[in-house]
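Hi everyone, thanks for making time. Let me put the structure up on the screen, and then we can walk through a few parts of it together.

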Amino acid sequence: MAGKTPELTRNGHELAPLNNRQGSGDNRKPGVTIVLQGPRGSVISRGSPCLDQEDNVAWSGKIQFFLTIIGYSVGLGNIWRFPYLCQQNGGGAFLIPVAVMLVLEGIPLFLIELGIGQKMRLGSLGVWNTIHPWLGGIGISSCLVTFFVALYYNVIITWCFYYLFNSFRVTSEFELPWQRCPIDPLTNQTLKECEKSSATAYFWYRVTLDASPSIDDPGAPKWWIVLCLLIAWIVVFFIVMKGIQSSGKVVYFTSMFPYLVLTIFFIEGMSLKGAGAGLAHMLKPKVHMLMEPKVWLDAATQVFYSFGLAFGSLIAFGSYNNPKNNCVRDVILVSICNAMTAIYASVVIFAILGFKAVSKVEECLLTQNATNCSLEKELDEAAEGTGLAFIVFTEAIVKLPFAPFWAILFFVMLLSLGIGSQIGMLEGMLCTIFDIEILKRISKQYITGTLCLLCFFIGLIFTTGAGEYWLTMFDSFAGTIGLIVLALMEMIAVMYVYGHQRFTNDIYEMTGVRPGWYWQITWRFLAPGIMIVILVWSIVSMVIKHPEYSVWSAEKGAAVKTPYPGWVLVVAGAMILAGILPIPIVFLLRRYQILKMDINIHEGSIRRIDTTVSTKEMITDVDEQLTSPEGPCITASNTLKNKFTIGDFEV
């Protein structure tokens, strides 16, 4: 390899020096040094027939890839977020803005991530460095935002484990632990806190969380939650420790089991009294609400988060595909499946909630004046997130015959959905980490184990009495503005730096179908415009209205909205900045050559100096046709870099 010189590129990217050592004396030919590393993601492997090398990672089949994508994109949000939004934003009429945003925003960005990963066969970090060195910060930002989200997402899995374990603790009357209010041993009467709320709310806030009075007073970690958190991270570690070689087998369960459970609940729910009332309440169209901008913004936000965009996971999944895989077809199929699952889950949820509402009204009529009993009021008590899963739906479950059976099914389903999405997020993050040159000699199991252990210890903050308050804060700030900025930057990078025409040609080469006017308009104009509107709306909402969180009041037996303390908002702002700042920092460092030496932080980089982006396109196009004297396949490894000469290029 040619010796290094102190000369740097004007692009600010550290690269190997010009190689002028071909020939001797004045007859030496100018050249460029290209470093080839590793089959997957290397310069030569993207178009090379050598995809079956020993250390190459790929899907074992089309079904495994499809189920992994489904398990990742179809997550908890389809179960406990979409039904609530549908109820609050016009019922059946809400499906119109959801469909519009799916077509204009979700599907186009989905194809960009999956397609660019499949074309370059690199993780998130490698993709953006390859498109342009100045954009390397996008990969780092994506990794950091995914880290923040993975921290709290596994806590939801933790709570599901706790409820699942308690679903086996039935009483002699075959009742669940949250079915009745406990008795105070001193007074032999029902506890006041439980009496003011409900048995399920009491079990959630006092037994499970042992909720503190505020985020300022967290208290000590609760050992039962710490134990479940440890179990959750151990399970996740064993699933992802070997990448898709291990997680790819688990997705057969995590992707398909939730549909089985939803179908069982659907059959049971349709036979219950009040199911029709619940469905009518959810789906009754309120067309006038379509005139409100908030409805359209909620639809755009829901579509964006339901696909798991900007985490880097879809890029990683695409990179394991065959270069000739029809990614356009995959995107359309997954998008339809995602939307249908959300609607299907909503039907199931509200059929059973309708049963719960009718049952409560009947109980009310037996004990109180008929004027105080209202079915509409019961149906209007909407809930989302943890409130729906651990309070409202568990209250509906206890009214079903053989309640423990339904509870076990429900929480195993939530575990499957949560673990499926968590696998996807960690795959995206680990793919980025594994692409860092200095970490390539370390076993994947050690890196994965270290990451899971770090997440466990940081996650202990969620096991205190203020755990749910912290999770709400992370959910509101860590994965909102940062992800939207990342999605916007990704679209700009591919469309205006890499080039929409070149990306169109890439899709054509991989699928045989050339993207038409729909893709061009959404990629270049509509989808970025929607991203900008969502971003501005999110920032303005945070500035105008002081962010609040729900605090459990033992005296009132209810959750009370309380403004976040100033110091918590500082922490939230720091998380947002941590997820965004790598983008401008890397840009400035490389643009103005602030660092004298940069490291090769992604596999398969073309390292050279004094070249332009257009030159890079030429070299990238040529690299797929390179052949060695021994045959059509160039063998390269992480430790051995082969070198040969073709024309003016020394490789």
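So, to start: how many helices and strands does the secondary structure of the protein come to? The count is 24 helices and 8 strands. Please keep in mind that this is a predicted model. Of the 651 residues in the protein, 59% are buried. And if you take the contacts with a separation of 6 or more, 80% of them are between residues 24 or more positions apart.

Let's turn to a pair of helices. Two packed helices are described by the angle between their axes and the distance between the axes. For helix α6, residues 137-167, and helix α8, residues 199-208, the angle is about 110 degrees and the axes lie 13 Å apart. That makes α6 roughly perpendicular to α8, since angles of 65 to 115 degrees count that way. The crossing of α6 past α8 is right-handed.

Which residues meet there? From α6 we have Trp 159, Tyr 162, Tyr 163 and Asn 166, and from α8 we have Phe 203, Trp 204, Val 207 and Thr 208. By type, this contact has 6 nonpolar residues, 2 polar and no charged.

Next, helix α17, which covers residues 403-434. Its 32 residues reach 45 Å from first C-alpha to last, close to the 46 Å expected at 1.5 Å a residue. Is α17 enclosed by the rest of the structure or open? With 30 of its 32 residues buried, α17 is largely enclosed.

In the loop between α16 (385-397) and α17 sits Phe 402. Phe 402 has a positive phi, near 55 degrees, in a residue other than glycine. Phe 402 counts as exposed because its relative accessibility is 61%, and the cut-off for exposed is over 50%.

You'll find Arg 121 in the loop between α4 (95-120) and α5 (124-131). Is Arg 121 buried or exposed? Arg 121 counts as buried, at 2% relative accessibility.

One last stop: Asp 380, in helix α15, residues 375-380. Asp 380 is partly exposed, with a relative accessible area of 44%. Leaving out residues up to four places away in sequence, Asp 380 touches Gln 87 and His 281. Met 282 is 98 residues from Asp 380 in sequence, yet their C-alpha atoms are 9.6 Å apart in space.

That's my tour, and I'm happy to take questions.

Notes. Residues are numbered from 1 along each chain as its sequence is written. This is a predicted model: local features need pLDDT of at least 70, side-chain atom pairs count only at pLDDT 80 or more; totals for chains, interfaces and linings use all residues. Side-chain values use heavy atoms; hydrogens and water are left out. Axes are lines fitted to C-alpha atoms, for helices over the stretch in contact, and angles run from 0 to 180 degrees between N-to-C directions. Helices (H or I, at least four residues) and strands (E, at least two) are DSSP runs, numbered from the N terminus. Angles under 35 degrees count as roughly parallel, over 145 as roughly antiparallel, 65 to 115 as roughly perpendicular and the rest as oblique. A crossing is left-handed if the near helix is turned anticlockwise from the far one by less than a right angle, and right-handed if clockwise. Contact means heavy atoms within 4.5 Å. Ala, Val, Leu, Ile, Met, Phe, Trp, Tyr, Cys and Pro count as nonpolar, Asp, Glu, Lys and Arg as charged, and the others, Gly among them, as polar. Buried means under 20% relative accessible area, exposed over 50%, partly exposed in between (1.4 Å probe, protein chains only). The expected span of a helix is 1.5 Å times one less than its number of residues.
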